[in-house]
Amino acid sequence: MALRLGDIAPDFEAETTDGKIKFHEWLGDSWGVLFSHPKDFTPVCTTELGYTAKLKPEFEKRGVKVIGLSVDPVSDHNEWAKDIEETQGQKLNFPLIGDSDKTIANLYDMIHPNSLDSLTVRSVFIIGPDKKIKLMITYPASTGRNFDEIIRVIDSLQLTAGYSVSTPVNWKDGEDVIIAPAINDDDAKVKFPKGFKTLKPYLRLTPQPNK
Ligand code: BEZ
């Protein structure tokens, strides 16, 4: 059955550039980003992996572990890592899964044969510390992803996990957020002491509560 938001991210064992891992054990109590790329030694993927490695301090600040995957073997990943460092000016600093037999790609439905025959498309899964899938996005092979957007979503997910708020269109860390409609005004005054602005009874804005 297809994976959906809120499902437990399937556990697996895998060979990676950092050795053998058991996924859930490797995640521990961290948040996780599991993403697939179509193929090693390809241009868009080279830029994506270099940029994601540059973002490592941002992921670490948020308690997030990142892991990539393609259906190429780990030996290819290790060779390709040299090209990533040479062309992107950044050493690969997170593990890449070698999934030659496509077990994990199939488990996570990362192969979309009507888009890209037998290779993984550009899937992203954000996984919470409870091992549940919090976000899934899928891009075609021809379009490199925006990993700054992944960071932005993680900021929203981590904020909304801790407070009764949601984040509006194009929200960025530090901007006002929306109070959950289920919270009445009296409770909102207690929960959000910085105050709130009521545009409509269902649309109340408050400064980001964890800032
Ligand atoms: C790329 O990363 O450039 C790419 C990979 C597979 C198919 C098309 C493009």
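In this structure, an oxygen atom of the ligand is 2.9 Å from a polar backbone atom of cysteine 45, which is a polar contact in the sense of a pair of N or O atoms within 3.5 Å. The model is predicted, and local features need pLDDT of at least 70, side-chain atom pairs count only at pLDDT 80 or more, and totals for chains, interfaces and linings use all residues. Residues are numbered from 1 along each chain as its sequence is written, and side-chain values use heavy atoms, with hydrogens and water left out.

**Around the ligand**

- A backbone N or O atom of valine 44 lies 2.8 Å from an oxygen atom of the ligand, and a polar side-chain atom of arginine 122 lies 3.0 Å from an oxygen atom of the ligand.
- The residues around the ligand, each with a heavy atom within 4 Å of it, are Pro38, Thr42, Pro43, Val44, Cys45, Arg122 and Ala141.

**Aromatic rings**

- The structure holds seven aromatic pairs, where rings of Phe, Tyr and Trp (its six-membered ring) pair if their centres lie within 6.5 Å, and planes under 30 degrees apart count as stacked, over 60 as edge-to-face and the rest as tilted.
- The rings of phenylalanine 35 and phenylalanine 94 have centres 5.9 Å apart and planes at 55°, so this pair is tilted.
- Phenylalanine 35 is buried at 0% relative accessible area, and phenylalanine 94 is buried at 6%, where buried means under 20%, exposed over 50% and partly exposed in between (1.4 Å probe, protein chains only).

Conventions: Polar contact = N/O pair within 3.5 Å; in protein donor to acceptor, adjacent residues only side chain to side chain.
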